[in-house]
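Trainee: Before I rely on any of the labels for this complex, could you take me through the values and the cut-offs behind them?

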Amino acid sequence: MSMPDPMPKKTLADRLGSVDRTTLFGILILVATIPLFFTLSVPNKPFEPTIDLFAKLMSLPEGSSVIIQTDWTVSTRGESAGEMEALLRILMRRNIKFAMYSAADPQAPQVARNVIMQLNEERTKATPPQRLYERWNDWVDLGYFPNAEATNNAMAADLSKAFGGRSDVTPQGSYANVFTSPVLAKVRSVKDVPLVIIVTASSTFNVIVERLSGKVPLAATVTGVMGPESQIYHSSGQIVGLAAGLKGVFDLETMMEYGLNTPGPDGKVVVPSDSHPAIPGFPGQINFAKGKRYYPTLHATLFLLILVVVIGNIGMILARKNKT
Amino acid sequence: MSYTQIKLTLGVIATVGLYTVLYRENKFYRFFEHLFLGLAAGWTMTALWTETLKGLWWDVMVGKAGEGGAPGEPGYWAWALLLPIGLMGYFVFSRKHNWMSRVPIGIILGLWSGQQIQVWFNRYGPQIWSSMKPVVPTTGTLFAPGTIGLDKAAAAEINSQLYPSQALSNLIFITTLICVMSYFFYSFEMKNRFLRGMTTSGRWLLMIGFGAIFGSTVMMRFSLVIDRMYFIWIEWLTQGILHR
């Protein structure tokens, strides 16, 4: 009786090329978790388009009204929530009123309202406490518009008709037309607002550029995957500023803390820029949030990815050598 | 357990449930997938009514009765005609009457097509113009000096010059643009060695571009994982349960 063949011994090449998928996911989850418990700092040099966005937001006349198209939901919370928080912190601290609407997803208005609620909570807990950003007096919610093309077209043609049918809650609890609110009282045309900002994770960014660029200054905060294609719009001057992905969030937070062309605590300018004058940030307030928290963790996960790609390739090269 | 804790805990259970697919397809994952789909569909229907149709269509159509002597608002009953036009879209599922669905589809297509010329120019026009960049430097100084702290006139004088470093950057841009565009010439065979080199380098440059886009995509996916981990370990466990 013959003995069964023993299992062929796995070579190093085999082992490197066949790491278990579940093990890899487990390592990824560990790497994406552990750095979150530590305060790590990563050096940062903000991108020029994000510097332009910050400079534009900081140059808006105090008390003016801007329009925000918020087209993100919890599915891109990792990037879009940080962008929305940084954007609203700047607007609130500068007393800029805003009217917001969504043209991409019916869930988006509620997600945006949650961020405003969270920031208001943060403002009341601040020392000294900051005033609540009031619905109706400081911001209005225009709700959801089911078609981005038609909405942006209508806005370009006649803003008072595009938003004319919309009502929002007054401090007394009744509903009234949004154009009677302090936010939109002086606004009738898209030319009456100094800036339209889109926070998006979808192609509505292309739609708004197609319909509104050239008619009103546009700025955008987009997801990382949209970053490379969105930068073209900044290079061509179709948008005045852009923040893309987690890097965009961290850039905004860095400038909120240290300002632009402004000396830091050690007398050195942290964020220099030839294109803009000195703009102080908001030192002593909550500036660093999701961007600073997630950015070092992102580096750890990217390092893991590179390591795994290198290991896989070494395994492949060794396997080829063994065959020959 | 407070309402916030219950809400966060349910969120964590749903997150873990959906991530179990990383191990393998299972019923736990399927349950949460369907739960999410049902919630999203229900939310969408409600939000469509409360955030859009009620204010923009229903209230305008039925008008408003005057209260306390205040004048009411007249209803525009012609808006009722929009409902049958919209409902015609659903006849796309009927073999016998699917011609009716072409009415709303035709209206939408007509509106969309009418916009396209202007839309195309608005989107690509400025990009084409900004691609025309100068490549001959106007000064011998290699790099543009900094303008921080200079007065406007001095800064404008510096910015009006094209420095050799900027000219080189513009040249790289234009070379890339031409090489990539030459890759898409399929109408004739490229026999010339120089032209063949251009198309080949165009292909390489495209690959580098795609690599950069893929890198951004990977970064984004990791950001989403990191956010979920933050939700589970920091928002739920550390802040929600342990109150630290």
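Trainee: What share of the 244 residues in chain B is buried?

Mentor: Buried residues make up 7% of chain B, where a residue is buried if 20 or more other C-beta atoms lie within 10 Å of its own, exposed if 12 or fewer, and partly exposed in between, with C-beta atoms placed from the backbone. Please keep in mind that this is a predicted model, in which local features need pLDDT of at least 70 and side-chain atom pairs count only at pLDDT 80 or more, while totals for chains, interfaces and linings use all residues. Residues are numbered from 1 along each chain as its sequence is written, and chains are lettered from A and ligands numbered from 1 in the order in which they are written.

Trainee: Why is chain B called more spread out than a compact globule?

Mentor: Chain B has 7 helices and 0 strands, helices (H or I, at least four residues) and strands (E, at least two) being DSSP runs numbered from the N terminus. Its radius of gyration is 30 Å, well over the 18 Å from the globule rule for 244 residues, so chain B is more spread out than a compact globule; the radius is taken over C-alpha atoms, and the rule is 2.2 Å times the number of residues to the power 0.38. Along the principal axes, the C-alpha atoms of chain B fill a box of roughly 75 × 60 × 55 Å.

Trainee: How do you know that the span of helix 7 of chain B agrees with its number of residues?

Mentor: The expected span is 1.5 Å times one less than the number of residues, so the 49 residues of helix 7 (residues 193-241) of chain B should span 72 Å, and the 69 Å between its end C-alpha atoms agrees. For helix 4 (residues 102-130) of chain B, 29 residues should span 42 Å, and its end C-alpha atoms are 41 Å apart, which agrees; helix 4 of chain B bends by about 45° at Gln116(B).

Trainee: What makes Met132(B) exposed?

Mentor: Met132(B) has 8 other C-beta atoms within 10 Å, and is therefore exposed. Met132(B) sits in the loop between helix 4 and helix 5 (152-159) of chain B.

Trainee: How many residues does each chain bring to the contact?

Mentor: Chain A brings 50 residues and chain B brings 39, two residues being in contact if their C-beta atoms, placed from the backbone, lie within 7 Å. Helix 11 of chain A gives the most to the side of chain A that touches chain B, with 7 residues.

Key: The bend at a residue is the angle between axes fitted to the seven residues ending there and the seven starting there.
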